[in-house]
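Biologist: I am new to this structure. Please show it, and then take me through a few points.

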Amino acid sequence: MPTMPWWSQEVGPMYEFVIALLVGVSAFFLLLVGIIIISKGWREIVEARLRLRRAELEPGFFKYAVGKEALEKYLPRPIHRSERVLVERIFFEMGRVVKGSVRERARDAFEKLGFVDHYLANLESRRWWTRAEAAEKLGLMGSEKATRSLIDHMNDPVPEVRVRVARALGNIRTSEALRPLTLALKDPGRWSAIRVAGILIGAGDESVEILLQEFDHFPQHAKISAIDIFGRIRSLKAISLLRDLLKHQDADIRARAAFALGSIGDPTSASHLGDALKDPAWFVRAMAAKALGRLKEEGSIEALCTSLADPQWWVRANAAEALKNKGERGMSALLAMLDSKDTYAAQQAVQMLQESGVLDSMIARLASEEGRERQLALDVMAKLVKLKRTDLLTEIAHNHPEGSIRQRLAIILGLRVQPHPTA
Amino acid sequence: MRQHRIVVADDDPIVTKFLSAVFQDEGFEVSVAEDGEKALKVIKEAKPDLVILDLVMPYHDGFEICQKIKSAGETANVPVIILSMKEREQDALRAFEVGADDYIRKPFNALELVARARKLMGNSRG
């Protein structure tokens with residue numbers, strides 16, 4: 001019996017099902033590809049339109065920003081509602097790179113074009129993410145008009161909204177906006193002190209004024225945060241208070257005040273910090289020594305030399321490091337300390353002389369042709385031997401590339417002269 | 001009298017567009033470059049009266065470009081303003097070491113920048 005070709009054979013229901021499935025899946029993927037192409041094309045068209053509109057409007061915005069007239073005078077046509085996002089984007093991008101009157105002009109435009117009112121309404125939204133976005137945008141706009149509403153939202157039940165509200169107030173930077181932030185330092189349970197401090201530091205000198213006014217009413221932890229902020233901002237306005245705080249009954253506050261004075265770096269604080277080197281609390285003395293190392297002055301060298309004999313190693317280390325930062329006079333003081341009867345102080349001086357490269361230069365002078373220079377270097381080496389720092393010198397005596405230096409050191413140390421290892 | 005020419009080299013388009021609009025409005029002719037390589041090319045071609053340079057740019061950084069401007073005979077006298085996000089004292093000092101005439105930090109005050117540019121070009125309007 002002749003076999004029938006496959007196309008005329010009867011097909012079963014399973015076969016039909018498979019065919020239908022394949023057709024269905026193919027159609028689905030075709031549709032999907034079609035949707036992707038259309039949506040991508042649509043996106044490209046929207047982007048291209050936005051780019052065109054941006055190119056059309058942007059020069060007008062820029063001229064408005066540095067000009068004196070109202071925005072409409074600089075624009076080729078009125079702004080359409082659909083262009084609000086574009087306008088916002090241009091002003092925010094501009095605000096990222098410029099400051100001063102240009103930002104003020106941008107802020108005025110945001111108010112006049114209704115952006116501020118729009119986000120103030122969003123700040124009352126039931127959705128927390130809408131409130132958070134509104135707070136952020138209002139902060140970027142820097143509108144003082146939003147201050148009251150933002151302050152009210154410092155008690156928002158959602159932490160993310162509260163943080164963005166705080167940042168927005170920091171951006172507005174008026175005393176009305178900053179005062180509630182300084183008060184937030186009092187409430188570490190609700191506010192992260194580090195975060196609030198960061199915002200206040202960003203606001204700069206404006207926040208110092210308010211912190212100074214509120215300082216006496218702060219609890220201890222808020223006082224400590226405020227002192228750290230003064231130091232980070234390096235505010236000269238806070239110097240007088242910080243000097244007074246060096247006599248505060250709380251040692252932690254005294255230590256922080258000393259550190260902040262060092263960060264500010266005003267050399268006229270040196271005598272106050274010099275007194276703090278005699279503080280009964282060792283960590284205040286250590287911070288005072290560190291702070292003195294940051295001041296560009298030499299009047300404190302003697303007091304720092306005394307601190308090299310402090311019973312606490314941290315004070316000694318900070319004092320030695322401070323002397324290292326005092327230039328030539330500091331170095332001379334460290335060299336003189338090699339004669340100190342206090343072994344700790346002398347050893348500290350050796351370490352700092354080594355770290356600052358002074359010992360290397362002294363060793364190089366051993367080969368000097370000038371008699372005085374060579375004698376000075378020989379004296380220093382003799383002092384090191386007396387301090388039993390032969391470990392340091394022995395290593396150099398073996399490894400120094402210059403033969404005459406190896407020879408001189410070997411004589412000082414009573415070693416056999418070694419040939420250079422690479423020789 | 002020919003217009004004063006300014007070259008603005010910055011990889012941030014908002015800066016180049018903003019400064020172009022501002023300086024053109026003030027009567028200057030502005031050429032822009034968005035990377036170090038293009039900046040060198042534009043400076044060579046435009047023979048500018050002032051260069052405003054960003055420090056961080058692709059191919060050549062602002063220090064390198066400034067050094068090249070100041071060491072080439074024909075551009076050695078062209079004033080250079082560095083406009084940078086870099087806040088460190090060392091960066092400003094290095095900029096002056098390589099010959100920059102001014103160093104302005106971003107965010108900058110646009111009116112101040114225009115005033116400084118004018119001063120460097122000899123107090124004349126474009």
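Modeller: Two strands pair if DSSP finds at least two bridges between them. Helices (H or I, at least four residues) and strands (E, at least two) are DSSP runs, numbered from the N terminus. This is a predicted model, in which local features need pLDDT of at least 70 and side-chain atom pairs count only at pLDDT 80 or more, while totals for chains, interfaces and linings use all residues. Residues are numbered from 1 along each chain as its sequence is written, with chains lettered from A and ligands numbered from 1 in the order in which they are written.

Biologist: In which sense do strand 1 of chain A and strand 6 of chain B pair?

Modeller: Strand 1 (residues 98-99) of chain A and strand 6 of chain B are joined over two bridges. A:Val98 has B:Phe108 as its bridge partner. The sense of the pairing is parallel.

Biologist: Which element gives the most to the side of chain B that touches chain A?

Modeller: In chain B, 14 residues are in contact (C-beta atoms, placed from the backbone, within 7 Å) with 14 residues of chain A. Elements giving two or more residues to that side of chain B are strand 6 (108-109), helix 5 (110-120) and helix 1 (13-25). With seven residues, the most comes from helix 1 of chain B.

Biologist: How far apart are the end C-alpha atoms of helix 5 of chain A?

Modeller: The expected span is 1.5 Å times one less than the number of residues. Helix 5 (residues 128-141) of chain A has 14 residues, so it should span 20 Å. The end C-alpha atoms agree with this, at a distance of 20 Å.

Biologist: Which residue follows helix 5 of chain A?

Modeller: Its phi is positive, near 65 degrees. The residue is A:Gly142.

Technical notes. Two residues are in contact if their C-beta atoms, placed from the backbone, lie within 7 Å.
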